[in-house]
Amino acid sequence: MQDQILQQVTEIIADTLGLDDLTLTPATTAADVEGWDSLANVLILVAIEKRFRIRFRTGEIAAMKNVGELIDRIERQLSGRQTA
Amino acid sequence: MKDTLPVSVNRTDVPTADAWRTWLHDWAAARDYPTRLRLGRRGEALASARDVARHLVPVRLAVLSSATADFFLPILNAELLRAGLHPSTFVAPYGQVATSLLDPDGILARFAPQVTLVLNATAHLPGWPPLTATLDDVQRHVDEVCRSLLDPCARFHERTGSEIVMDNFHPFAWRAAGNFGAKLPGDPTSFVRRLNVALGDRAPRYVHIHDVAALVERRGVETWFDERYWHVAKQPVSFDCVPEYSRSLALIIGAVLGRTKKCLVLDLDNTLWGGVIGDDGLGGIQIGEGSPEGEAFKAFQVYIRQLKERGVLLAVCSKNDEAIARSPFIDHPEMVLRLDDFVLFKTTWEPKSETIRAIAQEMDLPLDSFVFVDDNPAERHEVSRALPEVTVPDLPDDAAGFIRALDRERLFEVAALTDEDLRRTTTYHARRQTREALAGTTDVAAYLASLEMKATVRAFEPVSFERITQLVNKTNQFNLTTPRVVLAEIERLASDAQSVTRTVRLQDRFADHGLISVMFGHVAGSTLTIDAWLMSCRVLGRGVERLLFNDVIRAARARGLTEIIGEYKPTGRNMLVTDHYGSLGFTRDETAGTTERWRLRVADAATFETCIASQP
């Protein structure tokens, strides 16, 4: 599940930033990726919300520590939806 | 928020007209924000290719926003490209609206935008009255906010002549006072309503209100505003609604620049009434009270009639027998539209694209000013394949949805309504009568004399500024240099001592055609250079250009000028006037780029005979 999400997230981020080749790990932070600034971050989260049909909380949009945390939060929302 | 958006352009692409068409198609098909953002970048790359760029009209656009503009600008940009406009955009720093407008020699004033967007986030609206304020207090707040919004626009417009597009405001999705708020002038929703009405009433001619409140009414404020992205990034419109907001802005910008559709071509069977007149007969078709479907078709006709009343030309294109097709308009009591609402009525069994091409020719209008409405998807497909310039909106298979489907496209946006708009159908009818008269005459001079034409030639006058701007921007065929102007430039020319400006109004025994020709030029030394000369094709072949030429020569002699220079810039649409200056006695001089230059010594100028009487 996590791997699948990581793959899709990588795709979305590469697409948003206009990068042909991007490798992400759970430890990657925004500062590690060229062009991933505060504006791009909003675009990335908007695209992720759209793709996974989820809604981040206001605090989550502003501050995500790294890609691993992002994936955790996506997974939590997806599994929450399945059990609900 | 000083960062810029990431941009990626695939440099290996070969941009072609085909790629552009594919892009237009993809753009219309994908409506969500992330996809549009990606497509927007591609559109921008394609638009700079030469074979695409030459079809686009450049526009200098300034964007002043009280909140974050970065997220919607790429989408707006692409919508403008789609509308045939190529913007160069100046974006003021975040929140610097009034200060940018008021700075007399700031970057914005030097940029000299043709159109300036003033984008207002409701959440940043200054001057909310207290909830319990009295009506008088609230009125004072409304006055104050209107002044603070409109006064800087007035200063800016005086200095730069820029047209201004301004967002109005929308209510919030909450109401602390509940229903009682409807009786409280200080309730935020009540206040926003009052403010919007006052803004519309007080906005001067050059401030065009972008009716955000009306967009929000359609979509619902709960969808329009996303508190999360407001708090995180001061994004004033939810990402789901950014495409709609951007499109709406692009449409009003297009309207300010005079780009709008002119003619609506309509199918008959199952479009204007239910059923097939040839099979079902007059008593069998569904129209009007008596059946729910008939009521839906009648409502659609009422909407179309409203379009006609504000200046849209109507034509019929139907595969039918002519007499049968006409019968409901004459004999059915429930029909709203009547024969004289249409400028042309075509019934043939030819492919509809052929018929529409013929209609365009007969009306002397370019194909891209046509909209075709037909319930039959196969007919729509045939027309949009054969004539990609024609706009063909999709219709649902239920007549009750026709109005929304057509209105949603907002193809007939206008920035102002002129007398000519309101009279247009009558004028076209008169023109057809004169054509029919011509058919019965062999001697052209006798025919022209029989029209009993009278013309008034004048310099630019304030009462005509709007119509002049409109005519300059809309005329494609009889147009020597195809300039595109905003009203302030016309205003400036009118008061400039070094400019020579002329308008011609024409009437004949059938109709008052109104203001149908515009010329302006500038004097340098003893030479008059004609920068623009254009005429409505409605009055082609009447000798108006010769009458105007005579007048220009008189003016040149009165000013002691010795030479006149005329220019012709071929655009692909103005072949009609290739020999305009030649026929008036000018000599071709040289070719500078794609612009031809023609010269005439005033002493050599002929005086042409016309069949038009001059009146003051």
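Predicted model: local features only at pLDDT ≥ 70, side-chain atom pairs only at ≥ 80, totals over all residues.
Some reading notes first: residues are numbered from 1 along each chain as its sequence is written, while chains are lettered from A and ligands numbered from 1 in the order in which they are written. Local features need pLDDT of at least 70, side-chain atom pairs count only at pLDDT 80 or more, and totals for chains, interfaces and linings use all residues; side-chain values use heavy atoms, with hydrogens and water left out.

### Chain A as a whole

Let us start with chain A, which has four helices and zero strands. Read from the N terminus on, its elements run α-α-α-α. Helices (H or I, at least four residues) and strands (E, at least two) are DSSP runs, numbered from the N terminus.

How does the radius of gyration of chain A compare with that of a compact globule? For 84 residues a compact globule would have a value near 12 Å, and chain A has 12 Å, so the two agree. The radius is taken over C-alpha atoms, and the globule rule is 2.2 Å times the number of residues to the power 0.38. Along the principal axes, the C-alpha atoms of chain A fill a box of roughly 40 × 25 × 20 Å.

Of the 84 residues in chain A, 46% count as buried. Here buried means under 20% relative accessible area, exposed means over 50%, and partly exposed lies in between (1.4 Å probe, protein chains only). Among the contacts of chain A with a separation of 6 or more, 54% come from residues 24 or more positions apart; a contact means heavy atoms within 4.5 Å.

As for charge, the mean positions of the 9 positive and 13 negative charges of chain A are 13 Å apart. Lys and Arg count as positive and Asp and Glu as negative, with His and the chain ends not counted; the place of a charge is NZ of Lys, CZ of Arg, CG of Asp or CD of Glu.

### Charged pairs in chain B

Side chains of opposite charge can pair when their charged atoms come close.

| Acidic residue | Basic residue | Closest N and O atoms |
| B:Glu144 | B:Arg147 | 3.1 Å |
| B:Asp407 | B:Arg218 | 2.8 Å |
| B:Glu596 | B:Arg588 | 3.7 Å |

B:Glu144 and B:Arg147 both lie in helix α7 (residues 135-160) of chain B, three residues apart, which is about one turn of the helix. B:Glu144 is partly exposed at a relative accessible area of 43%, and B:Arg147 is partly exposed at 43%.

Where do the partners of the salt bridge between B:Arg218 and B:Asp407 sit? This pair links distant parts of the chain, with B:Arg218 in helix α9 (residues 212-219) and B:Asp407 in helix α18 (residues 402-408) of chain B, 189 residues apart. B:Arg218 counts as exposed at 54% relative accessibility, whereas B:Asp407 is partly exposed at 24%.

In the remaining pair of the table, B:Glu596 is buried, with a relative accessible area of 12%, while B:Arg588 counts as partly exposed at 42%. Elsewhere, salt bridges that share partners join B:Arg305, B:Lys308, B:Glu309 and B:Asp341 into one network.

### Positive phi and neighbours in space

Most residues other than glycine have a negative phi, and most peptide bonds are trans. B:Ala112, a residue other than glycine, has a positive phi near 50°. B:Ala112 sits in the loop between α6 (107-111) and β3 (115-119) of chain B and is partly exposed at 28% relative accessibility. Its C-alpha atom is 8.6 Å from that of B:Ala62, 50 residues apart along the chain.

B:Asp364 also has a positive phi, about 55°, although it is not a glycine. B:Asp364 is found in the loop between α16 (352-363) and β9 (370-373) of chain B.

Back in helix α6 of chain B we find B:Arg110, which counts as exposed at 61% relative accessibility. B:Arg110 and B:Thr160 are 50 residues apart in sequence and 8.6 Å apart in space, C-alpha to C-alpha.

Definitions and conventions: Salt bridge = Lys/Arg side-chain N within 4 Å of Asp/Glu carboxyl O.
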